[in-house]
Amino acid sequence: TESNLNSSTVTGQIGRPGTAAAAAAGSSPAAGSRPATAPPANTTLPGDPDDPNQYPFWNVRRYRPLFNVDTKDVVWRVGSSFLGPLKPDFMAVTMASPDLYGPFWVATTLIFVTAVAGNYADFIAFKSEQKAAAAGGDAGSIHERQWYTDYAKMSFSALLFYGYVFVLGLALYFALRWFKSEIKLSNVWCIYGYSLTIFIPMAFVCIVPIGWVRWLVVGLATGMSGLFIVSNLKQTIYDAAPARALMLLGIIAGIHAAVGLLLRLYFFHYRGAPEAAGSG
């Protein structure tokens, strides 16, 4: 009958070897495989509106990936910079995703904090000098002097910290590229920017008018920050220029030490102010 014929046809198709497997294979790819025409998961195709490389260098959209970080990323990177040589893997972790958001705001915050803390500490030292002069009977000279906010500290701190991160970072990048290194400029700026984080709390501690405390705090901050830079750039420098690696690392460490010394002698050294014993 017709029903038996249809039943046998279906039964024959179901029982035919390889028919179901071939149908399944033709309808969907094997588990764990990717279609040959599918693009990589984390890449963009030419002409894709999300591809930043399609924009010219003067268009801010080209630099969106450098600011594509969330609070969790920034907090981890800031915390890692405080650990100095204990975080030599910072470069390895951020190599594929460096950012400029954190370095820019770290440097900008440090500019204001250093200038404000330096002026406030100078004011405290001036008031202490007034009290000492009054106690010594030199009241006449006190009224002839006034304290003024030193706005030059703001300008100088901007020149110092922006120049240190971006200008010196650019110079180091060109030096490493001359040695055929494949490091990106954003990686260098990322390292240098986050390395300055530890100087922010240092500036507040240096308000204390005790000379040896200032020297100690500035020395610790400079040492931890410098070791953070050196430990993270060491492998890159040795890979690019093994014969001159020690020289380059020494130059990097020397310039960083000079920045710390400049902070102590310009921002937190008060001419004519009576500091506690041990000041320098």
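The largest nonpolar core of this predicted model has 50 residues. A nonpolar core is here a set of buried Ala, Val, Leu, Ile, Met, Phe, Trp, Tyr and Cys residues joined through side-chain atoms within 4.5 Å. Buried means under 20% relative accessible area, exposed over 50%, and partly exposed in between (1.4 Å probe, protein chains only). The residues with the most contacts inside this core are Tyr-192, Leu-196, Phe-199, Met-202, Leu-233, Ile-237 and Ile-252. Two or more core residues come from each of α4 (90-94), α5 (101-135), α7 (152-178), α8 (185-195), α9 (199-205), α10 (211-240) and α11 (245-267). Helix α10 gives the largest share, 10 residues. In soluble globular proteins, nonpolar side chains tend to be buried together.

Leu-196 was examined for its partners beyond four places in sequence. They are Val-106, Leu-110, Phe-161, Tyr-164, Val-165 and Ser-225, where contact means heavy atoms within 4.5 Å. Val-113 is found in helix α5. This residue counts as buried because its relative accessibility is 14%. With neighbours within four places left aside, Val-113 is in contact with Ile-200, Ala-203 and Phe-204. Val-113 and Phe-204 are 91 residues apart in sequence, yet their C-alpha atoms are 7.8 Å apart.

The protein chain has 11 helices and zero strands. Both are DSSP runs numbered from the N terminus: helices are H or I, at least four residues, and strands are E, at least two. Of the 280 residues, 36% count as buried. Among contacts with a separation of 6 or more, 71% join residues 24 or more positions apart.

The protein chain exposes about 16,400 Å², and carbon and sulfur atoms supply 65% of it. Areas follow the Shrake-Rupley method with a 1.4 Å probe; for residues, only the protein chains shown count as cover. Phe-67, Tyr-101, Phe-104 and Trp-105 form a nonpolar surface patch with about 410 Å² of accessible area together. Patches take residues with over 30% relative accessible area and no salt bridge, joining like charges within 9 Å and nonpolar side chains (Val, Leu, Ile, Met, Phe, Trp, Tyr) within 5 Å. A salt bridge is a side-chain nitrogen of Lys or Arg within 4 Å of a carboxyl oxygen of Asp or Glu. Phe-104 lies in helix α5. Phe-104 counts as partly exposed because its relative accessibility is 34%.

Zero disulfides (cysteine sulfur pairs within 2.5 Å) were found in the whole structure. Cys-190 counts as buried at 1% relative accessibility, and Cys-206 counts as buried at 0%.

Residues are numbered from 1 along each chain as its sequence is written, and side-chain values use heavy atoms, with hydrogens and water left out. Local features need pLDDT of at least 70, side-chain atom pairs count only at pLDDT 80 or more, and totals for chains, interfaces and linings use all residues.
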